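Please read these notes with the model open beside you. They take up a few side chains, then cores, then a database record.

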Amino acid sequence: MSPHTSSHAYFPVRSPYGRSPHVVIAGGGIAGLTTALSLHAAGFERVTVVEAAAAIRPVGAGLNLLPNAVRELDALGLLDALEAGALRTRELRYYHRSGGLISREPRGLGAGYRWPQLSVHRAHLQQVLAGAVRARLGAAALVTGVRVSGVEPLPDGRPRLRLEHRSGAVRGRASLEPDVLVGADGIRSAVRAALHPGEGGPPWNGMLVWRGVSRMPARAVGSFMLIAGDDRQKAVVYPMSRPTGPGREVLVNWALARPADSGCAAAEERHRGDWDRSVPVETFLPFYEGWEFDGVRVPDILRAADSAHEYPMVDRDPLDRWTHGRTTLLGDAAHAMYPTGSNGATQSIVDARALAHALARHDDPAEGLAAYEAERRPAMTALQRANRRLGPEVVINLAHERAPHGFTDIHEVVPAAELAAVAGRYATAGAFDAETVNQGSPYDVPLPVIG
């Protein structure tokens, strides 16, 4: 067991009606599964996750979990299982595309945190979460092949859900009236669309993102996470597994970003409608030829990929309201942001814990949801806006603007104090600075006093 794991005990939560409230979570991704586990740990006995996909399958690429999220997963007793298939991120380096090192920062335990930062394949994290949901809440708590197609409020504030399910060629429809609905169904959330029907699709900033996973000899990858580029295109590369096999190979996650108007993509509407498009690596490889950073050759890593996927870089405009009665939003459904600063999955996990904590501390579910939103929405709105300003990656743009052809001494271009200030402001905005994180989880639910 992890030395940090919380030992707080489970106790059943009761509603004012004398029974455990029924909470339905739309979405069986990282946000939804963590919410189910957090509610269970807080004492909720009736939790159902509905997932539109026919099964929870190992898909996706890699992600980075910051120490504040790892702290919350540890409190749920999941850190050991998670680390079995993950790698501790020990250092982050920023580079100019010319190869010059802009900055290097220790991460996780090396930066004074009580918890590590983890690089992990999304599929492994999701499998750990799904396995824990089935083990702790029962197999019936996770229902696949069912999606929320509509939501309407009842007079008492409870939601009425319209559900659609499909098994092969057979389709069906049903309705459900739970005590609470949590929309954790991603950036194209059906719950969000029901609450904000005139919003439209996610706005696109004109950038394309390519993602993939490669298997490479450990010596060719380095032991650090790198973010490199200039004011137009960037590359993120990091190992996310320990060396295995006779070749001591590791899994490497990579993500690239470049404007779509560079001859590498078609029109805006096509990409906004084609959300996850498989493309040959050769589509974008020429733009990254010659990119090498302290021995890590980006083209070699791209050529080793089994597949590549193309996405429009989109986010969501901040909302002035997440909660309507007993329905609320969480994770990307609430605050999808550009993939900057490793905060997508991280903040979804923190959301989940905050929501469970708020619901457990209020007899009225509507009051609990309001308290959750009051804590999380302002901070996430600020983080969404920070990511639109490039978050911590703005140091790459600063270096390129001041020395477009490279530099010998970065501190002659961007002073050390300015670099530290950028990193510090962003960590504070996301509440993942070491001082805040090391205070421990604020979301453990205390046992009621008996006596």
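1. Does Q347 count as buried or exposed, and why? Residues are numbered from 1 along each chain as its sequence is written. The model is predicted, and local features need pLDDT of at least 70, side-chain atom pairs count only at pLDDT 80 or more, while totals for chains, interfaces and linings use all residues; side-chain values use heavy atoms, with hydrogens and water left out. Q347 has 0% relative accessibility, so Q347 counts as buried (buried is under 20% relative accessible area, exposed over 50%, partly exposed in between, with a 1.4 Å probe and protein chains only).

2. Q347 is part of helix α9 (helices, H or I, of at least four residues and strands, E, of at least two are DSSP runs, numbered from the N terminus). Its side chain makes a polar contact of 2.8 Å with the side chain of N343, and another of 2.7 Å with that of R376. A polar contact is a pair of N or O atoms within 3.5 Å; within protein, one must be able to donate a hydrogen and the other to accept it, and residues adjacent in sequence count only if both atoms are side-chain atoms. Leaving aside residues up to four places away in sequence, Q347 touches N68, H335, R376, M380, L383 and G430, where contact means heavy atoms within 4.5 Å.

3. Next come the aromatic rings. Rings of Phe, Tyr and Trp (its six-membered ring) pair if their centres lie within 6.5 Å; planes under 30 degrees apart count as stacked, over 60 as edge-to-face and the rest as tilted. By this rule there are eight aromatic pairs. The pair of Y95 and F293 is tilted, because the ring centres are 5.2 Å apart and the planes stand at 40 degrees. Y95 belongs to strand β5 (residues 91–96) and F293 to strand β18 (residues 292–293), so this pair ties together parts 198 residues apart in sequence. Both Y95 and F293 are buried.

4. W210 and F284 make a stacked pair, with 4.9 Å from centre to centre and 25 degrees between the planes. W210 is in strand β13 (residues 204–217) and F284 in the loop between β17 (277–278) and β18, 74 residues apart. W210 counts as buried because its relative accessibility is 0%, and F284 counts as buried at 0% too.

5. Y95, F224, Y288, W291 and F293 form one aromatic cluster. R93 lies over the face of F224, 3.8 Å from the ring centre. The charged end of R258 sits over the ring of F287, at 3.7 Å from its centre. A charge sits over a ring if NZ of Lys or CZ of Arg is within 6 Å of the ring centre and within 35 degrees of the ring normal.

6. A nonpolar core is a set of buried Ala, Val, Leu, Ile, Met, Phe, Trp, Tyr and Cys residues joined through side-chain atoms within 4.5 Å. The largest has 77 residues, and I25 and L65 touch the most other members. Helix α9 (residues 344–360) gives the largest share of this core, eight residues. A second, separate core of 32 residues includes Y95, L226, L256 and F284.

7. UniProt lists residues 23–217 and 319–384 for "domain: FAD-binding" in an unreviewed entry; positions are in the numbering used here, feature names are shortened, and annotations may be inferred rather than shown by experiment. Residues 319–384 are 62% helix and 5% strand, with end C-alpha atoms 11 Å apart.
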